[in-house]
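Reader: I have a model to look through. How are its strands and sheets assigned?

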Amino acid sequence: TLMAAQMTNAHRRFLQVLMSNGITEGSEARKLHQHCCETDKVYYAHDKLDDFISTINSHLQPLFMQIRKGISEDDGRAHYAVVNLAETEVTKMASDYTEIELELFRKTMDLIILSENGFASSTDILNLADQLKTKKMKKKEAEQVLKVFVEDKWLSEKNGEYTLHTRCIIEMEQYILSNYQDVARKCNICHSLAIQSQVCESCGIGMHLPCVRKYFRGQTEPRCPKCNEFWSCDTP
Amino acid sequence: IPRQVSELVQFLLVKDQKKIPIKRADMLKNIIREYRDAYSEIVKRADRTLQEVFGLQLVEIDTKRHIYILINNLPRAEGEYLCRGKEKEKMGLLLVILSFIFMKGNSVKDSALWEFLHLLRVYPGKQHSVFGDVRKLVTEEFVRQKYLETTAIPLTDPPEFKYQWGPRAEKETSKKDVLNFVAKMQGKDPTFWASQYSEAQTN
């Protein structure tokens with residue numbers, strides 16, 4: 001349609017829930033879309049979620065905010081988060097954590113992004129706590145803070161190692177790409193930021209695990225899309 | 001000026017996420033700064049944006065000290081009652097407390113409130129599996145968020161307190177909604193409680 005789409009209570013309700021969730025998985029978002037349209041008696045079409053979100057985004061744009069879709073690096077599923085485009089640093093977190101906690105987070109993020117596989121071990125992070133500029137943090141305290149970061153979905157933990165949560169990646173992609181320009185890796189397939197990735201041993205390009213899975217599906221001899229050498233990692 | 005409006009909207013959303021009441025002084029210091037003359041215009045536009053885009057409204061709950069909160073403008077959906085977040089359980093407890101206070105004539109002594117909560121297996125001294133430190137939740141968190149108001153009862157020793165609805169509860173829900181909730185829970189018609197019913201009609 002040519003008319004500028006209006007915000008209805010269904011859109012507002014959807015936005016409120018998305019904001020309070022922090023991050024919303026794709027199928028949850030679709031259920032929420034239906035719930036909001038039914039509650040506020042607005043026309044509902046199950047395949048119109050993207051249009052619905054675009055309407056909200058057109059009204060969020062003057063506020064430098066956006067509902068952004070990101071793909072989980074673990075299972076390749078779509079997730080939605082409300083992001084602030086005007087942020088030049090981790091200001092979203094700034095209101096929820098203390099100076100020293102933020103410093104620990106930034107240093108943890110450094111470790112994760114600079115690592116080979118996108119993970120930082122809890123030992124390495126706890127050692128960081130000792131060297132913080134603001135104030136030294138005891139190991140027990142740092143463990144507790146890490147737990148909170150996981151609960152709030154900034155980090156996710158697997159086998160004692162930490163990586164960035166999908167929510168963190170969606171919200172901070174721009175920040176990371178601009179502040180870690182030379183180090184941050186982009187997936188060769190989808191061109192989005194890649195924290196966890198498989199890397200070609202010959203030419204160094206990286207790909208998301210779900211992207212690798214899709215790209216090499218059905219191929220018996222996977223080869224690097226750039227340099228054509230055999231792909232050395234186990235395809236997931 | 002539009003930049004000030006969008007910054008103020010962000011500021012209010014962040015404060016509201018934690019249900020911290022917002023002081024006018026903070027708005028002036030952090031956002032409006034040198035545009036003091038345009039203060040009321042900026043606030044008005046921010047409020048309009050909040051309503052149009054987010055379904056939230058800026059409401060002054062203390063006209064003397066100029067303190068504001070954001071309330072939810074959207075009609076309440078089935079099963080959503082007061083909650084707009086993942087804190088469904090806390091809001092459930094709050095609704096029960098607000099109901100008790102209303103049904104008892106809008107004011108209850110703290111001893112009566114805790115006696116009532118005992119019936120729900122919620123004890124002030126004991127850690128609750130869902131709510132944690134319940135005494136802190138009720139006497140500090142709910143009060144700070146302006147859902148409940150507590151005042152000392154004069155001439156009591158040891159000091160006793162009474163609980164009433166706070167300004168956020170007044171704005172975010174209604175006596176009618178609360179009475180309907182009680183009626184639903186007890187399987188009766190709201191008119192069963194004649195005096196509460198007539199009070200709810202005029203609210």
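Author: Start with the term strand: a strand is a DSSP run of E with at least two residues. The model is predicted. In chain A, the hairpin of strand 2 and strand 3 has 6 residues between the strands. Within this hairpin, A:Gly76 takes a positive phi near 70°.

Reader: What makes strand 2 and strand 3 of chain A a pair?

Author: Pairing needs at least two bridges. Strand 2 (residues 65–71) and strand 3 (residues 78–84) of chain A are joined by 7 bridges. Therefore they pair. They run antiparallel. For one bridge, take A:Gln66: its partner in strand 3 is A:Val83.

Reader: How do you know that strand 1 of chain A pairs with strand 3 of chain A?

Author: The count is 2 bridges, in the antiparallel sense. The cut-off is at least two, so the pair qualifies. A:Thr24 stands opposite A:Tyr80 of strand 3.

Reader: Which order do the 3 strands of the open sheet in chain A take?

Author: The order is 1-3-2, with antiparallel pairing. Strand 1 (24–25) and strand 2 of chain A are the edge strands, as each pairs on one side only.

Reader: What makes strand 7 and strand 8 of chain B a pair?

Author: The same test, at least two bridges. Strand 7 and strand 8 (residues 160–165) of chain B have 6 bridges and run antiparallel. So they pair. B:Glu149 has B:Gln164 in strand 8 as its bridge partner.

Reader: Which strands are the edge strands in chain B?

Author: The open sheet of 3 strands in chain B has the order 4-8-7. Its edge strands are strand 4 (108–109) and strand 7 (148–153), each pairing on one side only.

Notes: Residues are numbered from 1 along each chain as its sequence is written. Chains are lettered from A and ligands numbered from 1 in the order in which they are written. This is a predicted model: local features need pLDDT of at least 70, side-chain atom pairs count only at pLDDT 80 or more; totals for chains, interfaces and linings use all residues. Side-chain values use heavy atoms; hydrogens and water are left out. Helices (H or I, at least four residues) and strands (E, at least two) are DSSP runs, numbered from the N terminus.
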